[in-house]
Amino acid sequence: MPRIEFNCICKTYPDGTRAVIDLDLTVADREFLCVLGPSGCGKSSTLRMLAGLEPVTSGDLVVDGKRINDLPPQARDMAMVFENYALYPHLRVFDNIAMPLLARRRPRTEIRERVLQVAETLQITEHLRKRPQALSGGQRQRVALGRAIVRSPKMFLMDEPLGHLEAYLRVQLRAEVRRLHERLGATTVYITHDQEEAEAVSDRIAVMNGGRLQQLGGLIDLLDRPVNRFVAEFIGRLPINVLPAFVGAGGSLRVGETTLPLSPARMARLSASGAGPVTLGIRPEDVSAADADGGQALPGRVVVLEPQGDRTVIIAHTMAGRVSALVPSRLVPSAGAAVELRFAMDRAHVFSADGANLLHGLGGSG
Amino acid sequence: MVTSKRADRRTAFLLIAPTMLVLLVVNIYPFLYALYISAHTFTLGRPTPPRFIGLSNYRDLLDDDRFINSLWVSFKFVTIAVVVEFLLGFALAFLFNARLGGLAILRKLAILPIMVMPLASGLVWFYILNENFGAMNWFAVLLGATQRVRFLTDDSLAILSLVLADAWQWTPFVMLVMFAALQSIPEYVYEAAKMDGLGQWQTFWRVTLPLLSSAIWVVLVLRVVDAFRMIELIYLMTRGGPGGATETLSWYIYSTGFLDQDLGSAAAEAVVMIIVVTIVAQIFVRRLRYGEAT
Amino acid sequence: MATTKEARLRSSGNLRRGTFAIYLAVCLFVGFGLFPLYMMITTSLKTDLQTFEWPPVWIFTPTFQSYHNALFVFGGRSADHYLLNSIVVTLSSSALAVFLGAMAAYGLARFRFSGNRDIAFYILSTRFAPPVGFIVPIYLMVQRSGLLDSQLALIIVYTSMNLSFVTWILRGFFLEIPIEIEEAALVDGYTRWQVFLRVALPLVKPGLAATVILSAIFSWNEFLFASILAPGDAATIPVYLAGFSASMNIDWGEYMAVGTMAVLPIMIFTLALQRHLVRGLTFGAVR
C-alpha cells in the first residue's frame, strides 16, 4: 500500500489563487520524494496540505489507506522541518527538541534520554543549553531536524530546509538528512528548488509548475525523457538550447536553413503531429562544434568561451539564435571562429507550441 | 570614528545636558526640597517662617489613621483596577487578534477612551453614576435593581465606581499593548507547535504566554504606577468620600497640602509616595536592564 | 497576481464557531467605550431641565443653548482665554520636549561614555514620578520664583514630564538606524551635529510624530499641575472644566459642552493619527 496518496488534490486560496491543480501523486512507503519546482509552483502548498496546515480545497488526501483531509496536524504522525527553522525563540535547544515529547506528556526521564540521544546523533550536544538566537544557521537547522526526529515519526515533511544555508553546509546537511531518512525507515517528502539537491537525496523527483505536476521520475528520466519544455528547461546543469524549428512534410526537421538528420521513427512521430513551427531542445552536452566542412550542421560563429576545467562551454551565434555546446577543452576553437554545430539528434527533443514533447518516449540512450 | 574621543564626549554632553538640566530642576531638586519641607512645619499662605522639626512629621504619619487608611485604600484601588484592566484587556487582545473583517476599525474606536482628558472622564462618569438622574442607575433598574443604587456615596461601591471609570479609560491601553505583542509573535511558531503535537491549551501555556511575558510585565508596571497616582477621578467623583472610603494616598497628599494647607505633612506623605513608587520603578528598570544586557 | 504566500496568509484564519461571540464581545466593549462620550455629547445638547430628568431622556431635540451659555454667558473669563493658554502651553511643551528629548536620545544612542546606561535608565525612571508627590515642592518653587500662574511654569513642568518617554522612545528609534549611514556621512565631512540634524533626525520621523502627538495629548489633558500652578491667568482648559464643578449650580449642559469642546478635537486627532499613537503607546513592550 502506498504511504501517501494525493488524489486529484486542488488548492484554491480565498483570494482566488489556484495554487495546486489536479494533483495525482503517490509516495511509497520509505520513499524519499523530492518536490522540485520554481517559486510559486505549488510545492509548498502541497506540503502544507499534507501537514494539515492548509485545508484541502478538493480531492482526497490519503495516508495508509485513510482519508485525512479533516484531521488536524496534531493527529497526523508527521514531523515537519521548516525553511526558517521555526524554533521556539524563548526556549533553549534542549526544550525545543523536547517539545514533541512534552506535548505527548512523556515522562521526564524518557524525554531527557531521547533528547540527549538525538543531540548526539546530530552533534549538537554542546549547544543544548543555548537559545536559538545564539546559534548559526547550520546549527539551528540541526536543532530543527532534531525536533523532527525526536519522536521517530514515520513521515517527514521538509520545506526547503537548507535554503538559507551556505553552499558547503547544504552539501553536508543533505547527506545527513538522507542518512536519517534511511536509519529511521521514514517516508520523506522534501521540497526544494535546487535540482542538484534533489538529485543528491531523493529516490524520485516530482517536478511542479503552475500548480500542476509536470513529471514524476528519477533524474535520468527527467533529463533524457522530459515530458514537456518546462521540464527540459528546468532540469539540467547547463541551460538547454532552445531553438525555433520547423517541421516539414513527412516529418522533416529544419533549423534555420539546416535540415537536421532524424531517424525514421522520429520522422514518423513528427509527421503524425503535423507540419508547422516547433521548438528544438538540445542540451549543450549533445552539441558538438567542429570547423566548417559542410554537411548537415548548423553554421555559426563563436562569440563566448567559458572554460570549465577539462571542458569548455562554447556559445556560438547562429541564424537560429545563440547555441551553447559543451566540448572538451583541447578541441576548443578560438573566439570568432566559424564553426559547424552538430546535434546528437537521438537525444534531441522537439516541443510543440503548447510545450508538449512530441518525441516523448523516444528519448536518448541515457 | 573619524572624530576624536574627547570631542565626542563633549558633543554627547551638549546633547544630553539640556534634558538633564530640566530634570534636575523639575525632578531631582524638588525631591530634595520635599525632604527639606517635610522636616519643617510649613503652612500654605501663612506668613510665619517654617520651623525645623526633624522627623516629627514622619512620626505623626505613623499615628495618623487617615494616612494608614489612605495606604490601604490605594492598595485596594490599585489591586482591583489593575486586575480588572489586565484580565479584560488581555482577553480582549485575543479577541481582536482573530482574523475577522472589521476588527481593525473596531479596534481604532476601542482605543479612543485612552486619549480622553481624565478630568472630562471624571465629569462624565460623575454624571452617569449620579444616583438621581444618572444613566447607570437606569441600567441598574433595567437589570432588576429595586431602588436607586448609590454608586458614589455608598461606602463599598464608591471605590468600585472609581475602578469602573479607571478601567473604562485604561483597559483599552492594556488591550492595545497586548494586542501588539500578540501580533508580533510570528505565525511559524504556531505552525511548529501544531506539527509538534501541541493542543490549543498547551500552545497557550508553553508558547504564547512565555512569548508575551515581557509585554505583560511592562503593562503591569505601567498600570500599577499610574493607578497609584490617579487623582482626577477622585477630584471630580468622590473627593475622598464617603468618609475616606476613596481617599487614596494621592488624594490625601492633595487634601493635606492644599485643602488643609499643611505643607509639611503633605511633603512627608509625598516623600513616602515617591519612595514607594521608586522601589516599584527600580524593580522594573532593573529587569529591563537584564533584558538589554542579554 | 498574488503570490501563493500572500494568499496563504489571508486564508489561515478559518471561520470558527464563536465568530459571532467574538463580534458580540468586541462590539459590547467598543460600545462601552463610546458610551460616556455619547453621554457627554448628548447631554451637551440637552436643555438644563432635560439633563435632570429621570428616567434619562434618550430621544430629544438637540439645542446648542449650553454651548452658547458656556462660551458667552458665564461670568469670569471667557472660554477662549483658557483655550489660548492650552494651545500655547501644549505646543510649547511638546515642541520643547521633543527637541530636547531627541538630542538627549541621540546622545545616549550614539555615544559611548561611562554612565550612559545609568543616565538612560534614570531618565526612563522619571516616567514613574508621581505628580502628586512632586506638587508640593514644585508649587513652592514656582511661587518663590514669582512664576505662579504663568504659562512658563506649566511649560517647564510639562516638558519635564514628557521628556522621559520622548527620550526613551526616540533612543530606541535611533538605535535602530544602521550606523553605517551616519558613518558614511561623517566620512563625507559632516560634523556630528550635522549628522544628527541632516541624517539621523529625518530617519526617525515616525518616532518624532509619535512622541509629538503623545506629548501634545498629555499636555493638553493634564490637570493637577495646571490647577495648582496656574489657577487664573494661565489656566488651561482642564482647569476651566474643573471650575464648573466648584460652582454651586450644577449646569450639566454647560459642563458637557465645555467637556465636548475639550475632548472632541483630541478624538478626531486620535482617529486620524492613530497609527503613530499606537506606535508610541506600545513602544517598549513590543520590539
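**Hairpin, strands and overall build**

Mentor: Start with the hairpin of β11(A) and β12(A). Five residues lie between the strands, and Gly250(A) there takes a positive phi near 80°. Keep in mind that this is a predicted model.

Trainee: How many bridges join β11(A) to β12(A)?
Mentor: Two, and the strands run antiparallel. Strand β12 covers residues 253-255 of chain A. Within β12(A), Leu253(A) is the bridge partner of Val247(A).

Trainee: Which strand is joined to β11(A) by seven bridges?
Mentor: That is β14(A), residues 276-282, and this pair also runs antiparallel. Ala245(A) has Val278(A) as its bridge partner there.

Trainee: Now the side chains. Which residues of β11(A) are buried?
Mentor: Asn241(A), Leu243(A), Ala245(A) and Val247(A). They point to one face.

Trainee: Why do they alternate?
Mentor: Because side chains in a regular strand alternate between the two faces of the sheet.

Trainee: New topic. How many helices and strands does chain A have?
Mentor: Nine helices and 20 strands.

Trainee: And what box do the C-alpha atoms fill?
Mentor: Roughly 80 × 45 × 35 Å, along the principal axes.

Trainee: What share of chain A is buried?
Mentor: 43% of its 366 residues.

Trainee: What about contacts between residues 24 or more positions apart?
Mentor: They account for 66% of the contacts in chain A with a separation of 6 or more.

Key:
Residues numbered from 1 in each chain as written. Chains lettered and ligands numbered in written order. Predicted model: local features only at pLDDT ≥ 70, side-chain atom pairs only at ≥ 80, totals over all residues. Helix = DSSP H or I, 4+ residues; strand = E, 2+ residues; numbered from the N terminus. Buried ≥ 20, exposed ≤ 12 C-beta atoms within 10 Å, placed from the backbone. Contact = placed C-beta atoms within 7 Å. Pairing = 2+ DSSP bridges.
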